[in-house]
Amino acid sequence: MELRQLQYFLTVVEEANFTRAAARLHVAQPGVSAQIRQMERELGQPLLDRSGRRVTTTEAGEAVLPYARAALAAVEGMRQTVDEFTGLVRGHVTIGVVSGAATDEYDLAALLADFHDEHPQVEISLTEDTSARMLTALRRGELDLAVVGVTDDDPLPGTSLQVVIDTPLIAAMTPRDPLLLPVGRTALPLAALADRPLISLPRGTGIRGALERACRQAGFQPHIAFEAAAPSLLTRFAARGLGVAILPEIPPEAAAALGLRTLPLTSPRLRGRIALAWPTDGPRTPAAKALLIRMREALPPVEPALDY
């Protein structure tokens with residue numbers, strides 16, 4: 001029995017289809033079928049049921065599946081151990097990124113491009129989701145690293161955080177909004193938004209969590225009229241007079257170019273925080289560990305890591 005037969009078998013099971021498995025493996029479909037049939041002959045039992053539209057495991061196939069996974073994992077562990085001795089970093093890293101995380105202060109695209117130049121044998125996958133779901137995926141091992149929005153609430157146990165961006169939150173509105181009165185107003189108490197339609201990022205994001213928590217402390221439930229994952233869309237909604245957008249601080253000249261005026265929020269002052277997150281006991285693979293070191297080196301000196 002060969003390792004490639006185990007790999008072919010696992011891939012067919014995951015794809016439930018020989019053609020898709022062959023495409024994923026970058027080999028011809030007849031070759032995949034032939035190798036699995038040879039493995040079945042050696043074991044003396046059919047491992048796959050090919051009679052339906054989806055390929056499924058037989059009872060024997062389901063029984064041997066954990067052993068096939070364990071064998072391939074053991075081989076990969078051996079390779080990673082040898083790579084550590086030789087200084088070679090290769091593998092695959094999955095990173096979760098919350099919308100709006102890539103900024104001038106923390107140029108994630110440039111950072112990942114530089115890391116790829118240094119370690120071309122490391123594949124990097126990016127996924128975008130809410131912070132809450134990404135922190136859960138990090139705990140489950142579905143993500144290696146994540147760049148998430150955080151609030152003052154404690155994150156999931158077993159997670160370490162280091163703040164990347166810490167900026168005040170502001171209210172953005174049209175220049176005709178009565179909230180700007182009296183003329184020359186320089187700040188806006190949060191309670192002034194109690195009866196106003198608000199425009200915000202979705203639930204599960206750090207800014208939305210900070211807003212809802214502060215509103216509860218101020219004694220009211222925020223009326224979220226519109227929400228969107230992209231901050232640029234929030235500004236467009238606000239410029240059309242659909243509500244007051246709650247956003248990270250933007251320069252007054254940039255706001256004016258968008259047709260908006262902004263006021264910092266007070267009583268309490270709200271802040272938007274984005275942090276790099278990773279498992280407290282460290283990433284699972286050498287590639288993820290190397291990328292974590294690189295990402296932490298690029299962090300601005302905001303505050304030390306927090307372990308939970």
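Me: Which loop is Ser267 in?
Reply: Ser267 sits in the loop between β11 and β12. Keep in mind that this is a predicted model.

Me: Is Ser267 buried or exposed?
Reply: Ser267 is exposed, because its relative accessible area is 56% and the cut-off for exposed is over 50%.

Me: What kind of peptide bond runs from Ser267 to Pro268?
Reply: That one is cis, and its omega is near 0°.

Me: And where is Pro268?
Reply: Pro268 is in the loop between β11 (261-266) and β12 (271-279).

Me: Switching topic: which residues does the cis bond at Pro182 join?
Reply: It joins Leu181 and Pro182, with omega at about 0°.

Me: Where does Pro182 sit in the chain?
Reply: Look in the loop between β6 (159-173) and β7 (188-189); that's the place of Pro182.

Me: Now Ala16. What's its phi?
Reply: Phi of Ala16 is near 55°, which is a positive value in a residue other than glycine.

Me: Which elements are on either side of Ala16?
Reply: Ala16 is in the loop between α1 (3-15) and α2 (18-25).

Me: So is Ala16 buried or exposed?
Reply: Ala16 counts as buried, because its relative accessibility is 2% and buried means under 20%.

Definitions and conventions
Residues numbered from 1 in each chain as written. Predicted model: local features only at pLDDT ≥ 70, side-chain atom pairs only at ≥ 80, totals over all residues. Heavy atoms only, no water. Helix = DSSP H or I, 4+ residues; strand = E, 2+ residues; numbered from the N terminus. Buried < 20%, exposed > 50% of the residue type's maximum accessible area, 1.4 Å probe, protein only.
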